[in-house]
Amino acid sequence: MSNFREAQNQAHPNKTSTLMVALIVVLILNVSIQIWLLYTALNNALNENVDIAFPAFLASLGLFLVGFGWLYFMPGIIRNKKVKYR
Amino acid sequence: MATNNKDNQWKVDFPIQQLDATQVSRRDFAKFLCLVSGGLAVGSGYVAAKANFFPAEKVQGEHFVCKKDELPQGGTKSFVIPGSTIPYVLIRTEKDDFRAYEQKCTHLSCAVFYMPKSGKIECPCHNGWFDALTGEVLAGPPPRPLPRLDVIFKGDDIYVREFETSPKTL
């Protein structure tokens with residue numbers, strides 16, 4: 001029985017390209033939110049508002065796990081027929 | 001030229017097709033983003049652990065700085081509390097108020113200076129300004145007020161101790 005990964009690896013290069021871009025956009029979005037969380041947590045911790053640091057860490061960890069799981073959908077390397085040059 | 005068929009030696013040295021090379025690059029970029037994401041999560045964890053379990057040490061007790069007559073109106077004196085490396089500055093304003101602050105800008109830790117006759121403390125690095133009476137940010141990039149010490153007098157001697165903040169209002 002085929003699964004999503006097998007089907008995706010057989011997809012047309014145009015589709016894999018679109019998937020790749022979507023994947024990178026979401027990862028960049030995650031990283032941007034994490035930078036904001038870290039900046040906010042640090043500034044508040046230095047201002048003696050320590051209550052924000054732990055929820056910010058949990059949110060950041062959650063975003064990392066989402067991004068890590070997201071890599072499952074990364075298209076495989078396109079394999080073409082091997083060309084003999086000699 | 002690279003596509004010249006007369007010399008295809010480079011294809012043996014670098015046997016990756018253009019299309020594959022593009023894919024590898026973007027795959028690596030996505031993995032790198034994930035690595036950065038993990039780094040940021042670890043950084044947030046460090047901040048949370050440091051803030052909750054290893055808070056900054058407070059100034060213990062009272063520390064002598066100088067005598068009153070050593071500091072003219074509008075003058076300042078830098079000092080360090082024994083056992084610490086944090087630089088502080090004692091300010092005597094033109095209206096005869098005494099204030100002590102950490103001499104590190106809350107933006108990027110540059111040294112801050114009292115601007116005589118202005119009632120303001122300046123950070124010359126990025127043009128940040130603080131109120132000399134409260135330490136609050138008046139202008140520029142600093143995100144927080146200057147950490148402050150309480151100034152107390154014993155006769156002519158000036159002492160500093162941990163600043164006691166008023167209860168927070170919600």
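Which side chain does B:Arg161 meet in a salt bridge? The partner is B:Asp150, at 3.9 Å from N to O; a salt bridge here is a side-chain nitrogen of Lys or Arg within 4 Å of a carboxyl oxygen of Asp or Glu. Keep in mind that this is a predicted model, where local features need pLDDT of at least 70, side-chain atom pairs count only at pLDDT 80 or more, and totals for chains, interfaces and linings use all residues. Residues are numbered from 1 along each chain as its sequence is written, chains are lettered from A and ligands numbered from 1 in the order in which they are written, and side-chain values use heavy atoms, leaving out hydrogens and water.

**Salt bridges**
- B:Arg161 sits in strand β10 (residues 157-162) of chain B and B:Asp150 in strand β9, so their pairing ties together parts 11 residues apart in sequence. (Strands are DSSP E runs of at least two residues and helices are H or I runs of at least four, numbered from the N terminus.)
- B:Asp150 is buried at 15% relative accessible area, while B:Arg161 is partly exposed at 28%. (Buried means under 20%, exposed over 50%, and partly exposed in between, with a 1.4 Å probe and protein chains only.)
- Salt bridges that share partners link B:Glu62, B:Asp150, B:Lys154 and B:Arg161 into one network.
- Within the whole structure, a search turns up 5 salt bridges over all chains. One of them joins B:Lys154 and B:Glu62 at 2.7 Å, N to O.

**A look at B:Gln103**
- You'll find B:Gln103 in the loop between β4 (98-102) and β5 (113-115) of chain B, and this residue is buried, at 10% relative accessible area.
- A polar atom of the B:Gln103 side chain lies 3.0 Å from the backbone oxygen of B:Val112.
- Beyond its neighbours within four places in sequence, B:Gln103 has contacts (heavy atoms within 4.5 Å) that include B:Ser78, B:Tyr88 and B:Phe113.

**Chain A**
- Chain A has 3 helices and 0 strands, and 33% of its 86 residues count as buried.
- Helix α2 (residues 13-46) of chain A has 34 residues and reaches 49 Å from first C-alpha to last, close to the 50 Å expected at 1.5 Å a residue. (That expected span is 1.5 Å times one less than the number of residues.)
- Just after α2(A), A:Glu48 takes a positive phi of about 65°.

Definitions and conventions
Polar contact = N/O pair within 3.5 Å; in protein donor to acceptor, adjacent residues only side chain to side chain.
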